[in-house]
Amino acid sequence: MNIIDTSANAKATSWYGWRIPSKAYAWDYCSKDSSAIDLKNIPLFDLNPIEYSLSSPDLKDYTDIVFQSIPSVHYFREYDWLHNKNIYTMGQGTKKFLKQGIGFNATCADIPGSKELIKILPKTDNNKFLIVKGKGGLSYLFDHLNKNKISVEEIVNYERIKYESYNDIKEPFLKSDAIIFSSTFSAQIFFEEIYSSDVKAKFFGISDRIKNYVCDLGYKCKFVDAFDQDVVISIKNSI
């Protein structure tokens with residue numbers, strides 16, 4: 001069985017990359033019979049850090065920190081100042097990465113996304129929010145807080161860069177039995193640059209948002225928990 005994981009790897013140039021494991025998902029660690037399963041990581045875009053500045057470099061003026069994605073955690077510099085802050089994430093994946101990667105607990109809504117997160121955020125003038133995201137990331141949460149006159153600051157600390165060509169990486173996808181999408185961007189690139197009727201693989205998304213995105217394109221896609229230690233076996237059993 002051939003499985004392809006499309007998750008992008010943060011470059012060694014990440015600000016504090018040495019403090020976070022470069023492997024983000026359970027399939028990087030789970031035991032598997034190599035004679036039965038061939039698991040490859042083939043990213044569809046690069047991640048690059050973006051320099052940023054804060055109005056409060058030691059975070060003392062912020063009460064609440066929101067990370068919108070796993071790379072936003074990876075490229076954040078001020079880990080030492082996260083203690084005693086209220087930390088939130090958009091989804092379970094980023095929450096688990098924060099805990100497993102740097103040891104911080106975070107809160108997120110049962111249903112991922114800005115609209116659901118807003119429902120559980122504190123509604124008081126005494127709070128000041130810092131939102132950490134990537135270039136092109138959604139600003140729905142920032143706009144909502146700003147509109148309701150709640151103090152909020154937003155920083156962009158990474159960007160996603162498409163490859164110039166995908167011709168050299170198409171062949172493995174044609175031979176794959178399963179393809180795991182780690183973002184809607186990776187799914188978008190796949191269907192724009194790689195997909196053809198010759199692809200027979202089953203599609204999996206690591207969040208409901210990604211799964212629904214692929215389904216909205218007209219393809220079948222199943223949710224898979226990227227942090228489940230039995231994720232590879234789950235994929236194998238569903239094919």
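The entries below follow the order in which I looked things up.

**Entry 1. The chain as a whole**

I noted at the outset that this is a predicted model. I looked up the secondary structure of the protein chain and found eight helices and 11 strands. I then checked burial: buried residues make up 45% of the 239 residues in the chain. For the range of the contacts, I took those between residues at least 6 apart in sequence, and 66% of them join residues at least 24 apart.

**Entry 2. The five-stranded sheet**

In what order do the five strands of the open sheet stand? I read the order as E2-E1-E9-E10-E11, with parallel pairing. Strand E2 (38–41) and strand E11 (221–223) stand at the edges; each has a single partner strand, so one side of each is left without a neighbour in the sheet. From one strand to the next, the twist averages 25°.

Strand E1 (residues 2–5) runs parallel to E2 and is joined to it by four bridges. Within this pair, Ile-3 stands opposite Leu-39 of E2.

I next asked which strands helix H6 (residues 184–194) lies across. They are strand E9 (178–181) and strand E10 (202–205), and H6 runs at about 135° to E9.

For helix H8 (residues 231–238), I listed the buried residues as Val-231, Val-232 and Ile-235. They cover an arc of only 100° around the axis, which puts them on the same side of H8. I recorded that these buried residues of H8 pack against E1, E2, E9 and E10.

**Entry 3. The four-stranded sheet**

I found an open sheet of four strands, with parallel pairing, in the order E5-E4-E6-E7. Its edge strands are strand E5 (86–89) and strand E7 (151–156), each of which pairs on one side only. Neighbouring strands of this sheet are turned by 20° against each other on average, direction ignored.

E4 and E5 pair in the parallel sense over four bridges. In this pair, Asp-64 stands opposite Asn-86 in E5. Helix H2 (residues 92–102) packs on the sheet and touches E4 and E5, its direction making about 135° with that of E5. Helix H4 (residues 140–147) also packs on the sheet; H4 touches E4, strand E6 (128–133) and E7, and its direction makes about 155° with that of E7.

**Entry 4. Thr-6**

I looked up Thr-6 in the loop between E1 and E2. Is Thr-6 buried or exposed? Its relative accessible area is 0%, so Thr-6 counts as buried. The side chain of Thr-6 makes a polar contact with the side chain of Ser-186, at 3.5 Å. Gln-68

I then turned to Gln-68, in the loop between strand E4 (64–67) and helix H1 (70–74). Gln-68 has a relative accessible area of 15%, which means that this residue is buried. Which backbone oxygen does the side chain of Gln-68 reach? The side chain of Gln-68 reaches that of Leu-138, at 3.2 Å. Not counting residues up to four places away in sequence, Gln-68 touches Met-90, Ile-131, Val-132, Lys-133, Gly-137 and Leu-138.

**Entry 5. Glu-51**

Glu-51 is found in the loop between strand E3 (45–49) and E4. With 52% relative accessibility, Glu-51 counts as exposed, because the cut-off for that class is over 50%. The side chain of Glu-51 makes a polar contact with the side chain of Arg-77, at 2.6 Å. I also recorded the C-alpha to C-alpha separation of Glu-51 and Val-156: they are 8.2 Å apart in space and 105 residues apart in sequence.

**Entry 6. Cysteines**

How many disulfides does a search of the whole structure find? The search finds zero. Cys-215 is in no disulfide, and the nearest cysteine sulfur, that of Cys-221, is 5.5 Å away. I noted a relative accessible area of 34% for Cys-215, which is partly exposed. Cys-108, in turn, counts as buried at 9% relative accessibility.

Terms used
Residues are numbered from 1 along each chain as its sequence is written. This is a predicted model: local features need pLDDT of at least 70, side-chain atom pairs count only at pLDDT 80 or more; totals for chains, interfaces and linings use all residues. Side-chain values use heavy atoms; hydrogens and water are left out. Helices (H or I, at least four residues) and strands (E, at least two) are DSSP runs, numbered from the N terminus. Buried means under 20% relative accessible area, exposed over 50%, partly exposed in between (1.4 Å probe, protein chains only). A polar contact is a pair of N or O atoms within 3.5 Å; within protein, one must be able to donate a hydrogen and the other to accept it, and residues adjacent in sequence count only if both atoms are side-chain atoms. Contact means heavy atoms within 4.5 Å. A disulfide is a pair of cysteine sulfur atoms within 2.5 Å. Two strands pair if DSSP finds at least two bridges between them. Axes are lines fitted to C-alpha atoms, for helices over the stretch in contact, and angles run from 0 to 180 degrees between N-to-C directions. The arc is that of the directions from the helix axis to the C-beta atoms.
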